[in-house]
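Please read these notes alongside the model.

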Amino acid sequence: MGAKAFGNFGGSGRERARRRGQGQLEAQVLAALHHSPVPATAAWVQERLGGDLAYTTVMTILSRLHAKQAVTRERSGRAYVWTPAADEAGLAALRMRRVLDGEPDRDAVLTSFVSALSAHDEQLLRTLLDRDTADGPGPAENLPTADDPAGTEGPHPAPAPGRHHPSDEARGG
């Protein structure tokens, strides 16, 4: 029974010698796991990726994905079986959160990020935030602010229609 390969790993020696980036390998491993109807072994993933990757490389990528909480693993005899916990979008979100968590000035990072969004992305973000707010109060409701360093005032009301939102200032609006 032939295995479906994920990614173009064939070709000339020069193409094989070209080093793939860690992110590309992670995406290919996640794609293989998503195509498995059951939790998969590293050997199964290796086979689906075309077989030119060393088993230890596949294990390294799976271990890194596990550390990033993008996959889960469970013992099956002497080996692990792996299941995706996130798709490619989820993995990108984990990376974004990890970068944000590593920065000392979260406000500046978020302000810079939001100010560089396209109009479409900004509207999508506003829609998602509004939907989250409509679903009920969450842990972000009592975050500290300059006016309330302890975060005790509770939720801050949304600006009235036609009024500027504080984040508009970050975009020069």
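The numbered points below go from the whole chain to single residues.

1. Basis. This is a predicted model, in which local features need pLDDT of at least 70, side-chain atom pairs count only at pLDDT 80 or more, and totals for chains, interfaces and linings use all residues. Residues are numbered from 1 along each chain as its sequence is written, and side-chain values use heavy atoms, with hydrogens and water left out.

2. Confidence. The average pLDDT (the predictor's confidence in each residue, from 0 to 100) of the protein chain is 75, and 65% of the residues score at least 70. In residues 8-17 the pLDDT is below 50, and this stretch has 10 contacts in the model beyond near neighbours in sequence. Residues 139-173 are also below 50, with 24 contacts counted on that basis. A contact means heavy atoms within 4.5 Å.

3. Make-up. The protein chain has 8 helices and 2 strands, in the order α-α-α-α-β-β-α-α-α-α from the N terminus. Helices (H or I, at least four residues) and strands (E, at least two) are DSSP runs, numbered from the N terminus. Of the contacts with a separation of 6 or more, 50% join residues 24 or more positions apart.

4. Of the 173 residues of the protein chain, 21% count as buried. Buried means under 20% relative accessible area, exposed over 50%, and partly exposed in between (1.4 Å probe, protein chains only). The accessible surface is about 12100 Å², with 54% belonging to carbon and sulfur atoms; areas come from the Shrake-Rupley method with a 1.4 Å probe, and for residues only the protein chains shown count as cover.

5. Core. The largest nonpolar core has 19 residues, of which Val 29, Leu 33, Val 45, Leu 62 and Leu 65 touch the most other members. Such a core is a set of buried Ala, Val, Leu, Ile, Met, Phe, Trp, Tyr and Cys residues joined through side-chain atoms within 4.5 Å. Helix 2 (22-34), helix 3 (42-48), helix 4 (55-67) and helix 5 (88-101) each supply at least two residues of this core, and helix 2 gives the most, with 5. Setting aside neighbours within four places in sequence, Val 29 is in contact with Val 45, Leu 49, Ile 61, Leu 62 and Leu 65.

6. Helix 4. Its 13 residues reach 18 Å from first C-alpha to last, close to the 18 Å expected at 1.5 Å a residue; the expected span is 1.5 Å times one less than the number of residues. Val 58, Ile 61, Leu 62 and Leu 65 are the buried residues of helix 4. Seen down the helix axis, they fall within an arc of 100°, so they line one face of helix 4; the arc is that of the directions from the axis to the C-beta atoms. The face turned away from the buried side carries the exposed residues Thr 56 and Ala 67.

7. Gln 69. This residue lies in the loop between helix 4 and strand 1 (71-76). Its phi is positive, about 65°, although Gln 69 is not a glycine. At 59% relative accessibility, Gln 69 counts as exposed.

8. Tyr 80. Tyr 80 is in strand 2 (residues 79-84) and is partly exposed, with a relative accessible area of 23%. Not counting residues up to four places away in sequence, Tyr 80 touches Ala 40, Thr 41, Arg 73, Glu 74 and Arg 75.
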